[in-house]
Amino acid sequence: MAVTTQPGRYTASDFQTGLFDVFNDCGTCCYGTFCYPCLGCNIASDMNECCLCGLSMSIRSVYRTKYNINGSLCNDFMVFMCCPMCATCQLKRDIDRRKQQGIF
């Protein structure tokens with residue numbers, strides 16, 4: 001019997017909040033503003049990575065790949081170079097939302 005369709009289809013999505021959606025979660029924004037390294041460690045802990053990885057472009061890329069989020073390595077690099085705090089807060093907001101949805 002010939003296979004005519006592939007099982008399961010994954011569609012790419014976007015992050016659940018925008019890069020500058022600061023007011024969607026003021027607590028995370030304040031956390032990132034006043035203790036940026038701590039937020040990075042928190043993200044790394046959520047993803048079972050080394051604390052030093054939490055403030056890098058690579059953790060965003062790993063997360064984006066794991067959850068099939070649109071983007072590219074170049075995009076991840078540019079976002080982290082131009083606005084690292086916003087990128088880190090966006091990642092934490094997305095992690096928190098996925099935890100609430102039970103898909104993290």
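I started with the packing of helix α1 (residues 26-34) on helix α5 (residues 84-101): the angle is about 140 degrees and the axes are 10 Å apart. That makes α1 oblique to α5. My cut-offs for the word: under 35 degrees is roughly parallel, over 145 roughly antiparallel, 65 to 115 roughly perpendicular, and the rest oblique. Axes are lines fitted to C-alpha atoms, for helices over the stretch in contact, with angles from 0 to 180 degrees between N-to-C directions. Helices are DSSP runs of H or I with at least four residues, strands are E runs of at least two, and both are numbered from the N terminus.

Housekeeping: this is a predicted model, where local features need pLDDT of at least 70 and side-chain atom pairs count only at pLDDT 80 or more, while totals for chains, interfaces and linings use all residues. Residues are numbered from 1 along each chain as its sequence is written, and side-chain values use heavy atoms, with hydrogens and water left out.

Next I checked who touches whom, taking contact as heavy atoms within 4.5 Å. From α1, Thr28, Cys29, Gly32 and Thr33 meet Met85, Cys89, Lys92, Arg93 and Asp96 of α5. I sorted the residues of this contact into three nonpolar, three polar and three charged. For that sorting, Ala, Val, Leu, Ile, Met, Phe, Trp, Tyr, Cys and Pro are nonpolar, Asp, Glu, Lys and Arg charged, and the others, Gly among them, polar.

Then the cysteines: how many disulfides are there? I count two, with a disulfide taken as a pair of cysteine sulfur atoms within 2.5 Å.

I found Cys35 joined to Cys38, S to S 2.2 Å. Cys35 is partly exposed at 24% relative accessible area, and Cys38 is partly exposed at 34%. (Buried is under 20%, exposed over 50%, partly exposed in between, with a 1.4 Å probe and protein chains only.)

The other disulfide I noted joins Cys41 to Cys51, S to S 1.6 Å. Its S-S torsion is about 75 degrees, so I logged the disulfide as right-handed. Cys41 sits in helix α2 (residues 36-46) and Cys51 in the loop between α2 and α3 (57-66), so the pair ties together parts 10 residues apart in sequence.

Which cysteine sulfur is closest to that of Cys89? I get Cys29, at 5.3 Å, too far for a bond. Cys89 itself is buried, at 4% relative accessibility.
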